[in-house]
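Here is my note on the model you asked me to look through. Please keep the sequence and the 3D view open beside the numbered points as you read.

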Amino acid sequence: MVYPRLKTYGLFLVVITTILYSCNSAKKIVPTNNTVLRIHVPLNKDEHKLPLSAVADSLHYIPLETRDDALIGQIDKLIPLNDRMIIVDKEKSQSIYLYDLQGHLLHKIKRQGRSGKEYISLTDIAVDPEGKRIFIWDSQGQKILIYTFDGTFITTIPFPYSVHSIAYAGDSTIVGYCGYTPNAQFSKHSQYPNLLFWNFHSGQIHPACYFNEGLTADHVVGVINNFSVDDDGVVALIPMNDTIYQATGNKATPKYYIYFGDKQHQLLQQYIDNLNNSIDVHRSIEVFDNASPCLLMNFLATRNLIYMFFKKQQNYYYGFYYPKSKRFIEASTSYEEHLNGNRIPVTNDLDDITIPFMPIAADEANHFYYTIDPYLFDYFKETKDSTLRQLMARVSPNDNPIVVKVDMKAW
């Protein structure tokens, strides 16, 4: 079944105007540090769909309280914490919501305007859990605003740099993902940085992960999350790079290396050459759809599990890697748009319905999170699942989204 409004996080991929390439240059870079975890991907060619019960134990539903002053259009970002969830709706309500773990609204931040305490655009946010602070990146206003968890304004600091997303790296430092935007003030030997580390107390800024100036293309498909969190802090996924970086303090160090086979680097270079010859967005999307290298589009890590979403040509893969046992479970599906295909190779068999499993966040306690819209329950009115029937009785089609917390297996 195809759901008409399901347009979030990879079902319909987002187009951005940057080239996606390695953090370093055209040279093949494979981390040799013994601290780097190398993950070998099986990359089976045959389609293999996986039941969710193979990697997850249970689902827990969290309906987000719906009020006239708190109507969420779409969840663009979800950040789970120990005692609450932070929900970001960048486009519709342009607001930040703080809910408890039962879905009760605690606080809402909506301060649009042009004063020093307001944001023009809600481009992205980062969170400092220990300091209970929220950092709001306003790209149009070229500033970062700092609020407490209860919505109290702290300060505004100018940030005149071009970044797409941010995360809090500790030690009063914000790390920003630049994409492949040429920040001219950080040019170094005809290269530009993918990442900027900015200490908002000292004002010092440290660029990292440079890419070649000549690598340009007009339109390329992006990833779901540039930043996520593991046991050691923030990790950065830079598109067209098989290395995942730990972003701590003022530097990025290799943390994980995803091995897709000996031909991966050569195929990546061919893909880049094809992109450089693309003349418009439609041609670039066609190149992406038929790309021969593996393209990593999401990466999440919990205490016991690493999850990856990637593609190769028309095949889409989920990878579940368990560092302690070194076990890799792979699921794959072949996507055909003209057949109303689905890019998700995991079938949800845990709740008697087929809501797609597309995790957008993870916590340290081995939980993944995704969201569903209540209107989708209209497709499953005949379900015999008692938990779902009780949930359907509590929500209406126009209510706020429901957060699904998934208890993952630990092999």
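**Notes on the predicted model**

1. A search of the whole structure finds 0 disulfides, a disulfide being a pair of cysteine sulfur atoms within 2.5 Å. This is a predicted model, in which local features need pLDDT of at least 70 and side-chain atom pairs count only at pLDDT 80 or more, while totals for chains, interfaces and linings use all residues. Residues are numbered from 1 along each chain as its sequence is written, and side-chain values use heavy atoms, with hydrogens and water left out.

2. Where do some of the cysteines sit, buried or exposed? Cys 178 has 0% relative accessibility and so counts as buried, where buried means under 20% relative accessible area, exposed means over 50%, and partly exposed lies in between (1.4 Å probe, protein chains only). Cys 294 is buried as well, with a relative accessible area of 2%, and Cys 209 counts as buried at 11% relative accessibility.

3. Most residues other than glycine have a negative phi. Cys 209 lies in strand β16 (residues 205–212); helices (H or I, at least four residues) and strands (E, at least two) are DSSP runs, numbered from the N terminus. Asp 171 also has a positive phi, near 55°, but it is found in the loop between β13 (165–170) and β14 (173–177) and is exposed, with a relative accessible area of 61%.

4. Strands of a sheet pair through backbone hydrogen bonds, either parallel or antiparallel.

5. Within this sheet, strand β28 (residues 367–372) and strand β29 (residues 402–408) run antiparallel and are joined by 6 bridges, with Ile 372 standing opposite Ile 402 in β29.

6. The loop between α3 and β29 contains Ser 396, which counts as partly exposed at 31% relative accessibility. Ser 396 and Tyr 375 are 21 residues apart in sequence, and their C-alpha atoms are 7.2 Å apart in space.

7. Strand β20 (residues 243–248) has 5 of its 6 residues buried, so it is largely enclosed by the rest of the structure. On one hand, β20 pairs with strand β19 (residues 233–237) in the antiparallel sense over 4 bridges, and Leu 237 stands opposite Ile 244 in β20. On the other hand, β20 pairs with strand β21 (residues 251–259), again in the antiparallel sense, over 6 bridges, and Ile 244 stands opposite Tyr 256 in β21.

8. Which residues take a positive phi in the two hairpins around β20? In the hairpin of β19 and β20, which has 5 residues between the strands, Met 240 takes a positive phi near 60°. In the hairpin of β20 and β21, which has 2 residues between the strands, Gly 249 takes a positive phi near 65°.

9. Another open sheet is formed by 4 strands in the order β22-β23-β24-β25, with antiparallel pairing. Its edge strands are β22 (295–301) and β25 (327–334), each of which pairs on one side only. Between β22 and strand β23 (residues 306–312) there are 6 bridges in the antiparallel sense, and the bridge partner of Asn 298 in β23 is Phe 309.

Notes. Pairing = 2+ DSSP bridges.
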